[in-house]
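User: I'd like to learn how to read a few local features in a model like this one. Can you walk me through them?

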Amino acid sequence: MRLSNLPLTTFKEVPAEAEVASHQLLLRAGLIRRLASGLFTWMPIGLRALRKVEQVIREEMDRAGAHELLMPAVQPAELWEESGRWDRYGPLLLRMRDRHERDFCFGPTHEEVITDIARRELKSYKQLPVNWYQIQTKFRDEIRPRFGLMRAREFVMKDAYSFHIDQDSLQETYDRMADAYQSIFTRLGLSYKSVEADSGEIGGAQSREFHVLADSGEDALAYADNEDFAMNVELAPASAPEGERAAPAASMEKVATPAAKSIDQVCQQLAVDPRQTVKTLLVNGEDDAVIALVLRGDHALNPLKAAKLDGIAEPLTLATAEQVKAATGVSPGSVGPVNTKLRVIADLSAAHCSDFVCGANEEGYHLTGVNWGRDLPEPETADLRNVIAGDLTPAGNPIAIARGIEVGHIFQLGDKYSASMNATVLDSNGRETPMLMGCYGIGVSRIVAAAIEQNHDEKGIVWPAPLAPFAVALLALNSKKSAEVRSSADNLYETLSDAGIDVLYDDRDARPGVKFADADLLGIPHVVVVGDRGLQNGIVEYRDRASGDSSEVKIADIAKHIAEQTAD
């Protein structure tokens with residue numbers, strides 16, 4: 001592609017609305033353009049990167065035995081009513097009516113549509129298993145679209161759905177999809193982790209997430225390098241502290257803590273470590289009850305774990321300041337478990353504390369030297385917290401924490417949709433039985449953003465080679481003034497293109513500094529610079545975008561040199 005034929009607009013300034021690196025760089029490099037909140041146009045160079053991702057996905061899905069189809073983006077409400085999700089899915093679902101006042105939605109996912117296809121097309125267990133996939137535009141009406149492509153309302157997704165007669169068949173395809181996903185992310189040159197995860201709104205008994213590792217990731221991942229342990233933090237179990245709880249060594253005392261509402265403020269005023277404190281969070285229980293959850297001061301509540309406790313209202317919600325006041329007589333920052341009439345559930349680590357500090361249920365005061373079994377009853381206990389680095393896996397190995405961007409998720413759905421939508425086949429005994437289902441999603445457009453989050457520097461994007469929109473950026477310096485530069489660069493462009501190498505040829509009438517800056521911003525892996533000085537000696541300059549290394553190569557050898565580099 002000749003840049004002189006492409007109206008590419010790049011920017012030095014960081015766009016005000018862009019919070020994360022991928023959003024900033026995609027806009028600055030002219031790869032996407034914002035239309036409205038959460039809606040983006042893919043410009044020509046950006047679209048090439050998206051298509052590279054799609055191609056790798058297609059090849060691996062086809063290799064795994066899946067069959068591509070394309071379902072309508074707009075779906076009738078009747079299907080969602082059959083599955084029970086029309087009302088349950090909530091405001092994320094973009095609903096609309098046609099001229100006949102019939103209800104439709106713009107699909108955020110396609111479980112209902114594919115189940116309808118399956119119940120029409122599949123009649124016997126002999127036709128199973130089958131795995132269909134599509135790469136298609138989805139829409140989820142996010143309340144606060146942000147981070148550009150990372151949390152857009154409209155996005156490109158690969159979604160696959162498999163149908164089975166029994167659990168063994170489902171497990172076999174689920175495992176095959178997990179392998180295919182690993183091949184996809186490996187081929188794309190991304191550093192990633194596969195972790196056990198919660199099934200969320202999609203449902204089902206088992207699921208696994210795939211995360212591109214990046215410091216900007218919204219998800220925390222718990223893993224251990226020396227064993228097969230990797231989970232989203234929301235799912236990772238926190239083991240109980242080892243050994244017996246220490247015996248009391250201090251008397252309980254009430255101390256003044258003026259204006260101290262947070263753990264940090266309490267620790268600063270009392271000169272104690274957060275691990276010597278506990279915090280009491282009040283959540284809504286069933287039948288309008290309020291329940292006290294107690295955690296160690298340095299730990300964070302895991303909402304997913306807490307929501308599964310008996311007696312907790314669904315969905316899990318923290319009590320309002322008014323509810324806290326009504327239940328305890330004090331504001332949230334002063335609540336504690338001593339002398340409370342509320343049901344108390346303590347995290348395993350909080351229940352192991354002795355001589356701890358907690359709220360005194362009196363404004364402006366805390367209690368020190370508090371001990372379970374002496375100053376207050378032994379509590380109910382449960383695993384309530386997020387694991388942290390240094391915690392131990394069930395096998396006893398230390399846990400590490402990494403940040404990740406979720407780009408893939410696979411599920412075992414069981415008969416969640418097939419039973420409610422009467423998607424059955426005849427089994428080997430001639431009986432009708434609901435098919436078991438698997439679901440396998442990849443955020444295609446999100447992968448592009450995640451790759452940039454993982455691969456960029458102060459100059460711009462640093463594409464992994466398989467994702468790069470072009471393999472080579474060819475820069476002709478001062479070509480308007482030098483016929484030799486223009487002729488040599490033109491010939492080199494033709495030579496590289498004929499060799500099957502994707503080349504972005506910067507033949508614009510622009511200053512060398514502009515061309516170098518745009519090449520760095522666009523992040524093309526290999527840069528070839530043609531200039532008068534080098535041509536006098538029959539050489540061009542070769543630059544590696546990732547390492548920044550440069551070398552001089554004979555112009556007659558540059559095509560071979562590039563082919564060797566791209567082959568790596």
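User: Let's start with the backbone. Where is the place of Ala 271?

Analyst: Keep in mind that this is a predicted model. Ala 271 sits in the loop between α7 (263–270) and β14 (278–284). Its backbone is worth a look: phi of Ala 271 is near 55 degrees, a positive value in a residue other than glycine.

User: Is Ala 271 buried or exposed?

Analyst: The cut-off for exposed is over 50% relative accessible area. Ala 271 has 72% relative accessibility, so it counts as exposed.

User: Which loop holds Asn 339, and what is its phi?

Analyst: Look in the loop between α9 and β16 (343–347) for Asn 339. Its phi is positive, about 60 degrees, although Asn 339 is not a glycine. Asn 339 counts as exposed because its relative accessibility is 73%.

User: Now peptide bonds. What kind of peptide bond joins Leu 128 and Pro 129?

Analyst: Check omega for this one. Between Leu 128 and Pro 129 omega is about 0 degrees, and the bond is cis. Pro 129 belongs to the loop between α5 and β7 (130–139). Glu 314 and Pro 315 are also joined by a cis peptide bond, with omega about 0 degrees, and Pro 315 lies in the loop between α8 (303–307) and α9 (321–328).

User: On to helices. How do I describe the way α1 and α12 pack?

Analyst: Two packed helices are described by the angle between their axes and the distance between the axes. For α1 (residues 21–28) and α12 (residues 444–454), the angle is about 105 degrees and the axes are 8 Å apart. Angles of 65 to 115 degrees count as roughly perpendicular, and α1 and α12 are therefore roughly perpendicular to each other.

User: Which residues of α1 and α12 meet?

Analyst: From α1 you have Ala 21, Ser 22, His 23, Leu 25 and Leu 26, and they meet Val 448, Ala 449, Ile 452 and Glu 453 of α12. Sorted by class, that contact has 6 nonpolar, 2 polar and 1 charged residues.

User: How many residues of α12 are buried?

Analyst: For burial, the cut-off is under 20% relative accessible area. In α12, 10 of the 11 residues are buried, so the helix is largely enclosed by the rest of the structure. The buried residues of α12 include Val 448, Ala 449, Ile 452 and Glu 453, which also turn up in the contact with α1.

User: And how many residues of α5 are buried?

Analyst: Helix α5 (residues 111–121) has 8 of its 11 residues buried, so call it mostly covered. Among them are Val 113, Ile 114 and Ala 118, but also Glu 111, Glu 112, Asp 116 and Arg 119.

User: Last topic, cavities. How many cavities of 30 Å³ or more does a search of the whole structure find?

Analyst: The search finds 1. The largest cavity holds about 50 Å³ of space. Its lining includes Lys 515, Asp 518, Ala 519 and Leu 522, and α14 supplies the largest share of that lining, 4 residues. By class, the lining has 6 nonpolar, no polar and 4 charged residues.

Note on methods. Residues numbered from 1 in each chain as written. Predicted model: local features only at pLDDT ≥ 70, side-chain atom pairs only at ≥ 80, totals over all residues. Heavy atoms only, no water. 1 Å grid on protein atoms, 1.4 Å probe; cavity = no way out; pocket = protein on both sides within 12 Å on 5 of 7 lines; lining within 4 Å. Points joined across faces, edges and corners; volume = space filled by probe spheres on them. Helix = DSSP H or I, 4+ residues; strand = E, 2+ residues; numbered from the N terminus. Nonpolar A, V, L, I, M, F, W, Y, C, P; charged D, E, K, R; others polar. Axes fitted to C-alpha atoms, helices over the stretch in contact; angles between N-to-C directions. Parallel < 35°, antiparallel > 145°, perpendicular 65-115°, else oblique. Contact = heavy atoms within 4.5 Å. Buried < 20%, exposed > 50% of the residue type's maximum accessible area, 1.4 Å probe, protein only.
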